[in-house]
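Please walk through this model with me. The sequence and structure come first, then the details.

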Amino acid sequence: MAAAAALLPWLYARAGDATPGAGAKLAATPPMGWNSWNTFGENVNEAVVKGIADKIVELGLKDLGYQYIVIDDHWEGGRDGMGHIRANPGKFPSGIKALADYVHSKGLKLGIYSCAGDQTCGGEVGSYQHEREDAATFADWSVDYLKYDYCNAPEGFEEAIRRYTTMGNAIEATGRPIVFSICEWGPRSPWLWGRKAGGQLWRISFDVGDMWDSPEDTHSCIGILTAIDASANIGGHAGPGGWNDPDMLVVGLGNKGMVKGGGCTAAEYQTQMSMWSILSAPLMIGCDVRNMGAETCRILTNPEAISVDQDPLGKQGNRVARAASTEVWRKPLANGSMAIALLNRGPQEATITADSKAIGVASNKSLTVRDLWQHKDLGVFKEQITLSVGPHATVLLRATPHE
Ligand code: GLA
């Protein structure tokens, strides 16, 4: 820890501020899409990816903004005699370029995965010391997004920054707009240097499992609440072109995905969607959308939650009040209104109050309030909003102050 603290001034100097850079054009709002890992793990293949792309369009998810179809680990098939990375021909018989063409023909974009080590987290071939050629290969394949992991790589800050910057530069050198998703999980504070390394998003916590809570943020599956807590004090580093990423959505996994954890209730999944929206988090679906139930679909397709996430102001929400097991979060929105989340962490129904001071509204002002899950205007509130919130649930509101 002492070593990390000593490095902070240097990291800050490298990091710059949260003003939009070139990346803002690429990820002006948090990326949305689908990623193969949570459900398929090493069983990802061409047929799955095509089927998911078809369904994303058919169900209207594309029109809601879900556009990146990301193939996670285990697509790789080693390197050819020339050293070029190639896809596993058994899983991707037509190759990644043909798959990208298919995905593009649907009006979607294709993402792929690699690693800053010489092997990926799943033991496949990684991109270390092949950054230039792999970035060029991904660009040749018309890939639009690269998730770049950090297994089998040294612990230290400096080498991590160097490796991510090397790949960031390699991507830039291709001339193709490719979203660069940094995935070192948070131990080296990537919110401080992710933009400078060329990233548009960076993981800030370990993998979110299909579970509500976990005792600590360790290198195994963590709970939804644990990822929310990891996001709490770093909101100032997020903004257009550079987003804190508390990992993918576990909504709808139902403990049947590759990523387990016991499963969550609908209220807990809805909390993840609500809080990811308040946090301006990337919204990457992880369930099998080809076979999802009505409840999962309802949660993932709520246009009012999505519009909070995608608000063009691009401010990450902050926790503005907390009691034993209740919290109030606030996210300013572009039109002068705000999104408010009333989060009940506890197992009993709770009454939660967002008072005007906590949410930064002068006490002589009124608030017109809308419930974004009930899709209902709740009326005009003065001085405070007090509502009942179910166990592990989140009430997501839009509040507009006026005289
Ligand atoms: C790491 C990442 C996961 C996933 C796996 C793939 O654990 O954090 O999101 O990409 O590797 O092996």
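**The disulfide and its surroundings**

C121 counts as partly exposed, because its relative accessibility is 37%. The cut-offs are these: buried means under 20% relative accessible area, exposed over 50%, and partly exposed in between, with a 1.4 Å probe and protein chains only. The model is predicted, so local features need pLDDT of at least 70, side-chain atom pairs count only at pLDDT 80 or more, and totals for chains, interfaces and linings use all residues. Residues are numbered from 1 along each chain as its sequence is written, and side-chain values use heavy atoms, with hydrogens and water left out.

C121 is joined to C151 by a disulfide, S to S 2.1 Å. A disulfide here is a pair of cysteine sulfur atoms within 2.5 Å. The link connects distant parts of the chain: C121 sits in the loop between β5 and α5, C151 in the loop between β6 and α6, 30 residues apart. Helices (H or I, at least four residues) and strands (E, at least two) are DSSP runs, numbered from the N terminus. The link of C121 and C151 is right-handed, with 95° about the S-S bond. C151 is buried, because its relative accessible area is 14%. A search of the whole structure finds one disulfide.

What of C221 and C287? C221 is in no disulfide, and the nearest cysteine sulfur, that of C264, is 11 Å away. C221 is partly exposed, at 30% relative accessibility. C287 is in no disulfide either; the nearest cysteine sulfur belongs to C297, 9.0 Å away. C287 counts as buried, at 1% relative accessibility.

**Two positive phi angles**

Q129 has a positive phi of about 65°, although it is not a glycine. Q129 is in the loop between β5 (109–115) and α5 (131–140). Q129 counts as exposed, because its relative accessibility is 61%. N152 is another residue other than glycine with a positive phi, near 55°. N152 lies in the loop between β6 (145–149) and α6 (157–174). N152 counts as partly exposed, at 47% relative accessibility.

**Around the ligand**

Which residues are closest to the ligand? They are D72, D73, K147, D149 and D207, out of 13 residues that surround the ligand. A residue is near a molecule or strand if one of its heavy atoms lies within 4 Å of it. Three of these side chains can be followed atom by atom. A polar side-chain atom of D72 lies 2.6 Å from an oxygen atom of the ligand. For D73, an N or O atom in the side chain is 2.9 Å from an oxygen atom of the ligand. D207 places a polar side-chain atom 2.6 Å from an oxygen atom of the ligand. A polar contact is a pair of N or O atoms within 3.5 Å; within protein, one must be able to donate a hydrogen and the other to accept it, and residues adjacent in sequence count only if both atoms are side-chain atoms.

**A buried glutamate**

Turn now to E268, in helix α8 (residues 266–278). E268 is buried yet has no salt bridge; the nearest side chain of opposite charge, R345, is 11 Å away. A salt bridge is a side-chain nitrogen of Lys or Arg within 4 Å of a carboxyl oxygen of Asp or Glu. Lys and Arg count as positive and Asp and Glu as negative, while His and the chain ends are not counted. What does the side chain of E268 have a polar atom close to? The backbone nitrogen of T265 lies 2.9 Å from a polar atom of the E268 side chain. Not counting residues up to four places away in sequence, E268 touches W212, I224, G263 and H392. Contact means heavy atoms within 4.5 Å.

**Buried sites elsewhere**

A197 lies in the loop between β7 (179–183) and β8 (201–203). A197 counts as buried, at 3% relative accessibility. A197 and G168 are 29 residues apart in sequence and 5.7 Å apart in space, C-alpha to C-alpha. Beyond four places in sequence, A197 touches Y164, T165, G168, F180 and I182.

S231 is in helix α7 (residues 224–231). S231 is buried, with a relative accessible area of 1%. Leaving aside neighbours within four places in sequence, S231 is in contact with I204, P246, L279 and Q316.
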